[in-house]
Amino acid sequence: MNFLDQIWLIPLFPLLGAALMLLLGKRLDPQPASDVAVAPGVEPVHDDHGHGDAHGHAHGHGHAHAHGNDHAHGHAHSPLKVLINFLCPGMILLSFLLSAAAVWQLSQKPERMHQVIQFTWIAGLPFHMANGHLATFQMDWGFLLDPLSSVMILVVTGVGFLIHVYSTGYMAHDGGYYRFFGYLNLFVFFMLMLVLANNYTLLFVGWEGVGLCSYLLIGFYIHKKSATDAGIKAFVVNRVGDAGFVLGMLLMLSVLGTVRFTDVNSILHSGRFGVESGGFGVLSLIALLMFFGATGKSAQVPLYVWLPDAMEGPTPVSALIHAATMVTAGVYMVARSAALFQLAPKASMIVAIIGAFTAILAASIALVQNDIKRVLAYSTVSQLGYMFLAAGVGAYWVAIFHLFTHAFFKALLFLCSGSVIHALGGEQDMRRMGALKDKIPVTHWTMWVGSIAIAGIPGFAGFFSKDEILWQAYSSPLGSTALYVVGLATAAMTAFYMWRLMNMTFYGKSHVAPEVAAHIHESPASMTVPLSLLAVGSVLAGWLGTPKLWNLPEAFRAFEAWLAPAFESPLIKAGGETGQNASMEWTLMLTSVVVALIGIYVARVLYHQKPELSDRMETSFQRIHTVLYNKWYVDEAYNYVFVNGMCKGGGEALGAFDRNVVDGGVNGAGWLTRFSAKVSMWWDTWIVDGAVRFTAFFVKILSYPVCLLQTGRVQAYAFFVLAGALVMFGYYVVR
Amino acid sequence: MHPITTMHYLALSAALLLIGTIGVLTRRNIVIILMSIELILNAVNINLVAFSHAFKDVSGQIFAIFVITDAVAEAAVGLGILIALFRNKETVLADEIDLLKW
Amino acid sequence: MLIDTVFFYLFALLTLGGAIFTITRRNAVHSAISLIVSLLGVAGLYLLQHAEFLFAVQIVLYVGGIMVLFLFVIMLVNLDQAAKERQFNRQWTVALAAVAAVAAEIGYFFYRGQDAFHFAESTAAPAASPGNTEVLAEALFREYLLPFEIASVLLLVAVVGSVVMAKKRI
């Protein structure tokens, strides 16, 4: 069976699930549970974990992980919930299987690219390009499967499936069950559209769609104002970025005449456009505009402010959308536009600089946050910065590699934190946790794996990808030592704050509130099994991209080889070791490991062995601490400038304009009309009527002398006759 | 003495005319005015007859006859008007009949 | 001839004197009588001009008809009150001035045109010429028949008109 031609089915399955859920879910729900999704922190209710064992068997992943505590599940779960539990994750599983099959078939093809065009969506609108040529705007509903998109679909469907399974346990006693899964499936559909699209416009459809689903899922707890506010913030900030994306896309259309990936790449590789090494040309502008969109979607400076607030949504949402998939869309898009960025080195450098800056900024904020999910959110921003750093210096496969490994361990970390929160009945503040190691062992060990991975300890996934990034930052022609140093500092901070998190949560003294402590329990199997699987992935995933230095068999460098066809370009020889020798690489590798270990040790000292030291440091560095704790006051600045300044001020200015200018104009027109009416009236009364009256008056005046002649006496008339005769004959006298 | 020429008759006629005119314009009594009008007509008749005699043409006298006829008619009607006027306004003075004034 | 001159001046005197008295008398009857005298003078002048028929008509019609009518009306109208009023109206100065101007004008015409008034004077009528009345009749009923008829209509109109005007109730 030719799976390659059926890749259109891959997004279709989740769409089906979403449609069923969203259109029929409310009708099928026998017990009219209110849509009020009560956040775990608001009302700690633990009555059932009924679905745990049922799913432990249904999905035959027979990993025998120790289930902490088995609760009696006497709760009669509704049939609808069971249906949803099978249907929605099942759809994702189907997509995953189909993706795997299609990728396998792709690997058999020599040219490693398969394009399926379903139909033409918008056909044949002719338009003028920037250079005056006539081009046809054609947009098709087409899917492209090449190495890059194959990695993405496997990540999205694989991790997505595990998170769906996790959600069946996590969201078990929340209302709005069908709505949650409907949105989640819809999100996966849009994400798959995004990565499978064969042109930028269809990518943008998916881009917008995931933004929409992010909004819906962040604001899932509709009765909590902070959640809905966060949803709106995410959507609006995303939209700001999307404006840049659309502009970039239109400019690309104008310059290149097409938005299809294959056509764009062929044009850019053909040599028609030279490398813009000098300054900023039109390609750099396109690249920067699209990167602006990526900053919105992937939470980079300046549009990262929505991601920490997005933690208001349920934890599976944070894991899926804001760790593994949606936020990586920006990185995917930049990688997809590799040909473009290769021709615009200055723009690429800007990407790298912003990536590095974001990485260190977010890491610095994460150092002092107390909400467990906030720490992970800032960590995500920081790691995304690493990915853009890699993409910016030209190492696109490294960026995707880090995306790949990051999906595993970040999803793992989020799900673990969800498990911790679930165990504590909704508590998210780390200062009220502690000494949970023995009480929730599975969660603890899987989170330990994830933390080691993100810290960059050799053997675990994060080490390989992060180390490769640091090496490329140092050695690539577009990289520099400064970028490397920033990356290294960020790595240190990453190790530190992750282990701060671990120590505060699992080790040391327990600060848990007594009434909460009584109910601590391990999560059900539906939650712990995905955790375990992700932990395995966090360990093994990295071994696909070992450095050349280690001289392992070719299979251990499969990732780079697999992705190479997607990024190769006849113009640019993608970075070989330019003059840096192997010893430098070893040195840097060791440095990063040492720095990570130092970070872990310092965290241990400050938060486990001598916790009072951390409090003393906090007070002695009060001002720095306040600044970091308040996220560098970025949100406040945005609020002041944009929300108050532009929106309110703009609204007031426009209101004043409307009142004074527009209404003033109208009023003025009315006044002018009345005034001119007055003038007309005056004119009519005095000039026109005056002329008429004057004529009459004049005639009357003239008549006065004449009236005197009409005496009524006949003799006077006779006299005039005589006088007339006199005058008449007088004529003959004088003649 | 010089012979009486036509000129004398003309001068006489002119004088009579002027006297009649003075009477018309000057007297207030309507009867006197009507009589003055008769004087004027007679002056005209004298003129006509003088010229008829001078040109040996009888047309002048015929014209004079018609003038007399006319004078008769006019005097009759005029006196009728006077009577009517006197009946209504109890006056025969021309000055006092000035209703048709401004 | 001398006798013509004398008679001329006599009749002229009568005419003009009567005229002057006509216009200046306070009593209307006096004015009427003066007018009669003047008309008689005019008749005499007609006779001097060999217009016998007109002389007769003048006496009969004018004096005997019109002046009698005048006298009747004067009696009818009772002019005693009028006799006590001011006789001359207020415009007499201006009228006099105008008439003087007209007189001057007529005098000027006479002066300038006196050469045109030289006619062949024939004092004696030819022996076998018809009389004035016959000649008049001939002309009147032959050439001037139409004006004659119109004049009769005019008289008719005048009669009717004066009767209507004088009636108390029409």
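A:Cys416 is buried, with a relative accessible area of 0%. The model is predicted. A:Cys88 is likewise buried, at a relative accessible area of 0%, and a search of the whole structure finds zero disulfides over all chains.

**Cysteines**
- A:Cys88 counts as buried because its relative accessible area of 0% falls under the 20% limit.
- A:Cys416, with a relative accessible area of 0%, is buried by that 20% limit.

**Interface of chain A and chain C**
- About 920 Å² is buried between chain A and chain C, and carbon and sulfur atoms account for 69% of it.
- Of the area that chain A buries against chain C, 54% comes from A:Phe719, A:Leu726 and A:Val733, more than from any other three residues.
- Chain A contributes nine residues to the contact, and chain C contributes 11 residues.
- The side of chain A that touches chain C is made up of seven nonpolar and two polar residues, with no charged residues.
- Three residue pairs are in polar contact across the interface, both residues at pLDDT 80 or more.
- Between chain A and chain C the count of salt bridges is zero.

**C:Leu47**
- Helix α2 of chain C, residues 28-48, contains C:Leu47.
- C:Leu47 has a relative accessible area of 38% and is partly exposed.
- Leaving aside residues up to four places away in sequence, C:Leu47 touches C:Glu52 and C:Phe55.

Key: Residues are numbered from 1 along each chain as its sequence is written. Chains are lettered from A and ligands numbered from 1 in the order in which they are written. This is a predicted model: local features need pLDDT of at least 70, side-chain atom pairs count only at pLDDT 80 or more; totals for chains, interfaces and linings use all residues. Side-chain values use heavy atoms; hydrogens and water are left out. Contact means heavy atoms within 4.5 Å. Buried area is the accessible area (1.4 Å probe) that two parts lose on being put together, summed over both. A salt bridge is a side-chain nitrogen of Lys or Arg within 4 Å of a carboxyl oxygen of Asp or Glu. A polar contact is a pair of N or O atoms within 3.5 Å; within protein, one must be able to donate a hydrogen and the other to accept it, and residues adjacent in sequence count only if both atoms are side-chain atoms. Ala, Val, Leu, Ile, Met, Phe, Trp, Tyr, Cys and Pro count as nonpolar, Asp, Glu, Lys and Arg as charged, and the others, Gly among them, as polar. Helices (H or I, at least four residues) and strands (E, at least two) are DSSP runs, numbered from the N terminus. Buried means under 20% relative accessible area, exposed over 50%, partly exposed in between (1.4 Å probe, protein chains only). A disulfide is a pair of cysteine sulfur atoms within 2.5 Å.
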